[in-house]
Amino acid sequence: MATEPIDMEIAGTCVSEFGSAIGMPQLCGEWFGNQIFWLVVALVAIYFILSRVALPRIGSVLAERQGTITNDIAAAEDLKVKATEAEAQYDKALIDARAEAQRIISEAKADIQADLDKAIAVADADIAAKAVESEKAISEIREGAMKNVEDVAKDTAQAIVAALGGSADAKTVSAAVDARMKG
């Protein structure tokens, strides 16, 4: 079978004898009115759906988000101010605590110094009393030592006089030793 060339009448039409499209109906001028009508209907339907349903919902979500963000920013600013105030109060409390600690330390030092002064006074009194006692003991020891030296000197003088062949009575020896000891 041989192919027949396309009939010229068929080539210029977009609709077959049965009413169906031949080729691409979008490019057929006979279909433009119908296509434009349905395009307008579809666009109007989309516009109404978007303007009445979708866009108000999107707008409310955006408004809610903006409100939440604004509230969060305001709350953050409030918390920042409160944190700054709390830090200032903390610093003041820290300074007050340090001042109180210094006061307590100075009072404790003063109490310790007073106790130390009392203890030193008591120790000085004890040392003075013991020094007096020691001076008495030393004085008694000196007196005892001087008496012993005097007795030894008298005995030694009598022994020396006797060794030299002389005789001396105790009264003469005592007077000689006493005179020599006085200077």
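Mentor: Let us begin with D96 and K92, which both belong to helix α2 and sit four residues apart, about one turn of the helix. Please keep in mind that this is a predicted model.

Trainee: What does D96 form with K92?
Mentor: D96 and K92 form a salt bridge, and their closest N and O atoms are 3.1 Å apart.

Trainee: Is D96 buried or exposed, or something in between?
Mentor: D96 has a relative accessibility of 40%, so it counts as partly exposed.

Trainee: And what about K92, buried or exposed?
Mentor: K92 counts as exposed, because its relative accessibility is 52% and the class begins over 50%.

Trainee: How many salt bridges does the structure hold?
Mentor: The structure holds four salt bridges.

Trainee: Which residue does R103 form a salt bridge with?
Mentor: The partner of R103 is E107, with the closest N and O atoms 2.4 Å apart. R103 and E107 are four residues apart in helix α2, so about one helical turn separates them.

Trainee: How accessible are R103 and E107?
Mentor: R103 has a relative accessible area of 36%, which means that it is partly exposed. E107 is also partly exposed, with a relative accessible area of 40%.

Trainee: Which residues are linked with R103 in a network of salt bridges?
Mentor: The network of salt bridges links R103 with E100 and E107.

Trainee: Changing topic: where is K154 found?
Mentor: K154 is found in helix α2, which covers residues 32–163.

Trainee: Why does K154 count as buried?
Mentor: The relative accessibility of K154 is 19%, and buried means under 20%, so K154 falls in that class.

Trainee: What does K154 touch, leaving out residues up to four places away in sequence?
Mentor: With those left out, K154 touches V173, S174, V177 and D178.

Trainee: Which residue forms a salt bridge with K154?
Mentor: E150 does, and the closest N and O atoms of the pair are 3.2 Å apart. Both residues, K154 and E150, lie in helix α2, four residues apart, about one turn of the helix.

Trainee: How does E150 count in terms of accessibility?
Mentor: E150 counts as partly exposed, because its relative accessibility is 22%. In this salt bridge, then, K154 is the buried residue and E150 is the partly exposed one.

Definitions and conventions
Residues numbered from 1 in each chain as written. Predicted model: local features only at pLDDT ≥ 70, side-chain atom pairs only at ≥ 80, totals over all residues. Heavy atoms only, no water. Helix = DSSP H or I, 4+ residues; strand = E, 2+ residues; numbered from the N terminus. Buried < 20%, exposed > 50% of the residue type's maximum accessible area, 1.4 Å probe, protein only. Contact = heavy atoms within 4.5 Å. Salt bridge = Lys/Arg side-chain N within 4 Å of Asp/Glu carboxyl O.
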